[in-house]
Amino acid sequence: MIRNYLKIAVRQLRKQKMYSAIKIGGFALSIAACLLIGLYIKNELSYDKSYPDTDRIYRIVENYAHDGKVESGDDYPAPMGKALKADIPEIEKSARLMPNSLFPGAGSNELRRVDQVENTHEEGFTYADQELLDILKTPMVYGDRAKALAEPLTMVITRRKADKYFPHQNPVGKVMYLNNDKTKPYRIGGVMENPPATSHLQYDFLLSLNGVEFYKGEQTNWNASNYPSYILVKAGTDPVKLAKKITDDIIGRYILPTLLAQNYKDAALEVKKLSFTLQPISDIHLRYGIYDEFQHGDIRFIWLFAAVAGFILTIACINFINLSTAKSANRAKEVGLRKVVGSTRYSLIQQFLAESLLYSVLSFITGILLAWALLPYFNILASKTLTMPWNALWFAPVILGAALIVGIAAGIYPAFYLSSFKPASVLKGSISTGSKNSLLRNGLVVFQFTTSIILIISTFVIYNQMQYIMNLKLGFNKDQVVMLQGTNTLGDNGVKNLKQELLKLSSVKSVAISDYLPVAGTKRNGNTYYNDGKTKVETGVDTQFWIADEDYLKTFDIKLVEGANFSPGDQTGGVIINQTMVRKLNLKNPVGKIITNGYGRPRVIGVIKDFNFESLRQPVGALAITYGISNSIVSVKVNGGNMRNTMVEINTLWKNISPSQPIRYTFMDERFASSYADVQRMGSIFTSFAVLAIIIACLGLFALAAFMAEQRSKEIGIRKVLGASIQSITRLLSLDFVKLVMLSIIIASPIAWWAMNKWLQDFTYRAPISWWIFACAGVLAIVIALVTVSFQSIKAAIANPVKALRGE
C-alpha cells in the first residue's frame, strides 16, 4: 500500500512540474534558512560549555545602584582574588585576569624571538593568574599546566602562535621580547591548545601576574579596579547564598574600612548601593548589560532569529497548503472516482499525507544542499565560522524527524480538505462551495505579508540608523586621519623624532602623539574626580582621564571653547576638560579651578566642546586630558589629495626610522565604522531574511491567485461573454490581493514601529522612524504583490470562456 501511495505521489509530482517545483523550492528555501539560523543559534548557545567544571565556574559581577539605575561591571581591586580564597571556604579556587590595555603588556604588543630582529604585531595579550589555567583545566600541548604561569616573567602561548614562531619545536623555555623591552624577557612556560571559537576568552598570550606591580602599592590597593575575577566553587554550593556572603565579606572587611579611612562622604550609605552576584561562565557571552572587555552576543537576537526561522517555515507550510488546495480541481474527479470504487476517506488521507511527506523529504534534501552552498555567505554575514555537522550523531535523526513533522503539519489540512469532496458533487462538476472567500486562506496570506513587511520596515530602519550614525556630527573630524600603530617600540624620543619627520612631508597637515583616541580599541582610563577640597562632601564624577600632546586638538579639529591649549613640552600638569565635566562638577568660570582624583590636583587650563569619544549608544561622558606622551599610536592628519602617494611617503619614512618593524596603520574613519559592525551585520541579516520571506510569500500569493482564478473561472467566462475587457478582469482579480496586502501593511506597521523603537533605545543618538519608511515598505509590498498575481490574473482574463462554461 505504501509503495502504491509513493507511486501515485511521484506521478503527481511529474504531472504538475511547475507547481511541484514551487512547492519544493519554497520549502527548500525555508528549510535552508531554518538550518542556517539553527546552526547560528546552536553556536551562540554553546559558548563556554566545553570546560570540565563549567557548572561550577562563575564570574563575579559588581552591581552599583544609583539615580534609579543599576550599573554592572567585572573589574575588581588587585587584592580581592586572594581575599576571596582566604575568607570564603566555599570557593575552591580564585583567579584574576588583567586585559586592560592601559597597562603595558596587555592588549597588543610588538613581539619577537630573542634571536631575531624583526618585530611582529600581535593582539590578544592578557595577564592572568596561574589559577586560571587550573580553573578552566586548560589542555596543554607542551609544558606543565600546574606550573606554566607560576613564575614571574613567564607566558603561555597558544598552539597556533607556537607553530608561527617555533615551527616543529617545543618552545617551552624559549625567550621572547615584548616591544623591544630587553629588561623584561618573557620565558615561555607552556603551550596551550587554541581556545575554542565558543569561548569568550579569546587570548593567544597569557602573561604571568606573579611578581607584577603596575605601580607602587598596586597589588594591595582597594581603590583601583582593573581585574576581572573568576572562581571555582565547591560542588553543591548555592550561588545566590554565596554571592550574599561575598557581598557581606568584601564590603564589610575591605571596602567600607577603606572608605572610612579616607573620610569618604556617607561611606556607610554608599556601600549599601553595592552588591555582588555570581554569573555562570556559560552566561557571559549572551548576557549583555555588564561593562567588560569582551565581545558579546545578545540573547535577544537569539530569540529574534528563532522567531524569524519559525515565521519562514510557517510561511512555507502555508504555501504548501495554498498550492495543494489551489489545484483541487485537478484532483477532484480522482477523489470522486476513488470513492465510487470503494476508497475510504481514511485511505485518501493516507494517500495525500504520503504525497506531502514525499515533498517534505525532497525539500529537506534540497534545503540541506542549499544551506551547505550558502553557508560561506552566511558566515561572512554573521561573522562566524560555522560548518555543516555532517558527522554529528544528532544531525540525521533531527533532519529525518523534522522532515516527518513538517510534512505531516503541512499536509494535514490539504489531506482532510481534498478527501472531503462528495462523489456526486464532484462528478457533476461542482468541486466545493464557499471556498473562493475562504477566511482561513486569506488570513494565511495576510500573515505571510505581515511578516515580510515587518522585515522590510526593520531593514529600512536599521539602514537609516546606520547612515545617521556615519554622518552624525561627532564633535571631532575622523576623516583623512592615518593611525600609525606600534610606535611605542621607538621609545618617547623616537616617537617625537617620527613626528618631526612626518611634519616635513608636504601632504601632512598635523601629527598627534596619543593612544587615547575617540574610536574603539584604544586606551581608556577611568577615574573619579571631585572639586578640590570636597572629596568628603561631594559625590565624585566618573571621568575618562587621557594623555595627549599639544597637537591633539588640532589634528582632530576639536574646538577649544575656553582657556588655552597645551604648549610643547608642557610641565604645568594642567588639564583640559570637556563641557560635560564642567556641568557635572558644577564649575563656574572653570579655567583656573583645581580638581582632584585623590592622587593629583591638576588645574583646569582649558575647556573643549563635547565630542563623542565612546559609542553612540551612550551619552558623552566627562573627559579630562593632560599633557604627555602616550606613544603606541601616532595620528597623522593628511591632505585630501593623492592618498596613495601620501601613504608611499609615510611608508618610506617608516622604513628609514624602523627597518626591523613593518609599518602598521589604519584610517580612523574605517576604525570608527568597524565599531558598528554589529549594526551593519544585523542590517545585512535582516535584508537577507526580508528578501527570503518576500520570495516565499510571493509563492504563496501565486498559489492563492491560481486558486482564485480556478474557483472563479465560470464567473470570468460569463463576464467575458457579456463583454468585459481583459483589463477589467485583470483589475478585478488583482484588487482582492491588493486589499489583503493593504491589510497586512496596517497590521505590520505598528508592530514594526514598536519593535524598532525598542531596538533604537540602545542608542543615545538615533534617527527618527519617519513616515516615509512605512510608505516605502507599503508601496514595495503592493508592487511585489501586483507583479506576482499579474501572471495568473492575465492568464485567467485571456482564457477562452467556452472552456469554463462547457459544463453549464
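**Close-up views of a predicted model**

View 1. Leu 560 lies opposite Ile 608 of strand S21. The antiparallel pairing of S18 with S21 (residues 604-608) runs over three bridges; strands count as paired if DSSP finds at least two bridges between them. Strands here are DSSP runs of E with at least two residues, numbered from the N terminus. This is a predicted model, in which local features need pLDDT of at least 70 and side-chain atom pairs count only at pLDDT 80 or more, while totals for chains, interfaces and linings use all residues. Residues are numbered from 1 along each chain as its sequence is written, and side-chain values use heavy atoms, without hydrogens and water.

**View 2. The open sheet of seven strands.** The strand order is S18-S21-S19-S22-S17-S16-S20, with mixed pairing. S18 (560-563) and S20 (595-596) are the edge strands; each has a single partner strand, so one side of each lacks a neighbour in the sheet.

**View 3. Strand S15 and its pairing with S23.** Of the six residues of S15 (residues 508-513), five are buried, so the strand is largely enclosed by the rest of the structure. Buried means under 20% relative accessible area (1.4 Å probe, protein chains only). S15 pairs with S23 (residues 633-638) in the antiparallel sense over five bridges. Ile 513 has Val 634 of S23 as its bridge partner.

**View 4. Glu 218 in a loop.** Glu 218 sits in the loop between strands S10 (205-208) and S11 (229-233). Beyond its neighbours within four places in sequence, Glu 218 is in contact (heavy atoms within 4.5 Å) with Ala 78, Val 212, Glu 213 and Tyr 227.

Technical notes. Helices (H or I, at least four residues) and strands (E, at least two) are DSSP runs, numbered from the N terminus. Buried means under 20% relative accessible area, exposed over 50%, partly exposed in between (1.4 Å probe, protein chains only).
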